[in-house]
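Let's take a walk through this model, one piece at a time. Have the fold open beside you as you read.

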Amino acid sequence: MSGSITDVSGIRVGHHDRLDADATLGSGWASGTTVVLTPPGTVGAVDGRGGAPGSRETDLLDPSNSVRHADAVVLTGGSAYGLAAADGVMTWLEEQGRGVALGGGVVPIVPAAVIFDLPVGSWACRPTAEFGYNAAATAGVDVAVGTVGAGVAARAGVLKGGVGTASVVLDSGVTVGAIVVVNSAGEAFDTATGLPWMAEYRGEFGLVDPPPDQIAAYAGRRQELSPLNTTIAVVATDAALSPAGCRRVAVAAHDGLARTLRPCHTPLDGDTVFALATGAVEVAPDATTPASMSPEVPLMTAIGAAAADCLARAVMVGVLGAAGAAGIPTYRDVLPGAFG
């Protein structure tokens, strides 16, 4: 596990949030916004698997539609109210001259997705256009993780969720990265062991078997489950992909959520993954690909598999890196013995 989505050249990430020191469940500010900025000409796609999504401009990313490029993606708290953050990102992009160029100016393309975090803090305290503008204006290559941006009020089952990121470089020289806001109704850890569902992540993140009393305490918190839900993410690559190829990467990336969160993709969440391809790296088609198939098949297969791996690791980074907020305990709070 290493890196971040900004290892994909040209991708930038910004956060803006507000978290009151005395915020409690149902009182005070606890919400935020995370923005992923793209270089010009970035192809975008999306795949939603949850039954209750909150989103904006996702239909535009359908490969059958006309606009191919996305200027930014917004991941935000505030449920449907938080979609207002995208207005601020559009304003900032317009000031930079970014967007679809038309006779009277530009129209930035800014897809967005939300998590449901309204019960954390006050229901009336949710991101506005100012959050999106500030997140875009401060975006850079250094990506803070944990309780930051759209992850400020996030939960992962009974524990604190948050923002995580990861990346990998393939043998082809293509870079793949992911950023995620983990706000799942499902658990990121096995309640029978107190460790990640995937055994490989236990050693990778330096976790050991916690003592039985801590495991029992964790399992006993199940009655505290809240309706907070929806994990939203962006995966990105510097490879050149068509909109349809990009969509297949978004589909494959969802496997990273299924490996690390149980359950996910429920009727009550809005689990959504965006995929971005900047096109900076051209990979020659595989000559063995049957002529009747798209020449992108081998490339998008490799990138999709890597995107799922990156997204799974990013989930772990987000949950393990989260700090407590509004009375929601962290993994380290409940299972400190897992750190040896």
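How many aromatic pairs does the count come to? Rings of Phe, Tyr and Trp (its six-membered ring) pair if their centres lie within 6.5 Å, with planes under 30 degrees apart called stacked, over 60 edge-to-face and the rest tilted. By this rule the count comes to 5 aromatic pairs. Take Tyr-201 and Phe-205: their ring centres sit 6.4 Å apart with the planes at 65°, so this pair is edge-to-face. Tyr-331 and Phe-339 also make an edge-to-face pair, at 5.8 Å centre to centre and 70° between the planes. Phe-189, Tyr-331 and Phe-339 form one aromatic cluster.

A quick word on what you're looking at: this is a predicted model, where local features need pLDDT of at least 70 and side-chain atom pairs count only at pLDDT 80 or more, while totals for chains, interfaces and linings use all residues. Residues are numbered from 1 along each chain as its sequence is written, and side-chain values use heavy atoms, with hydrogens and water left out.

How covered are those rings? Buried means under 20% relative accessible area, exposed over 50%, and partly exposed in between (1.4 Å probe, protein chains only). Tyr-201 is buried at 1%, and Phe-205 is buried at 17%. Tyr-331 is buried at 1%, whereas Phe-339, at 26%, counts as partly exposed.

Now for the sheet. Helices (H or I, at least four residues) and strands (E, at least two) are DSSP runs, numbered from the N terminus, and two strands pair if DSSP finds at least two bridges between them. Here 5 strands form an open sheet with mixed pairing, in the order E3-E14-E13-E12-E11. E3 (43–48) and E11 (162–169) stand at the edges with a single partner strand each, so one side of each has no neighbour in the sheet.

Strand E13 (residues 232–239) has 8 of its 8 residues buried. Ile-232, Val-234, Ala-236 and Asp-238 point one way, and Ala-233, Val-235, Thr-237 and Ala-239 the other. E13 pairs with E12 (residues 175–182) in the antiparallel sense over 6 bridges; Val-180 has Ala-233 as its bridge partner, and Gly-177 has Ala-236. With E14 (residues 272–281), E13 pairs in the parallel sense over 7 bridges, and there the bridge partner of Ala-239 is Val-281.

Finally, helix H6 (residues 297–320) has 17 of its 24 residues buried.
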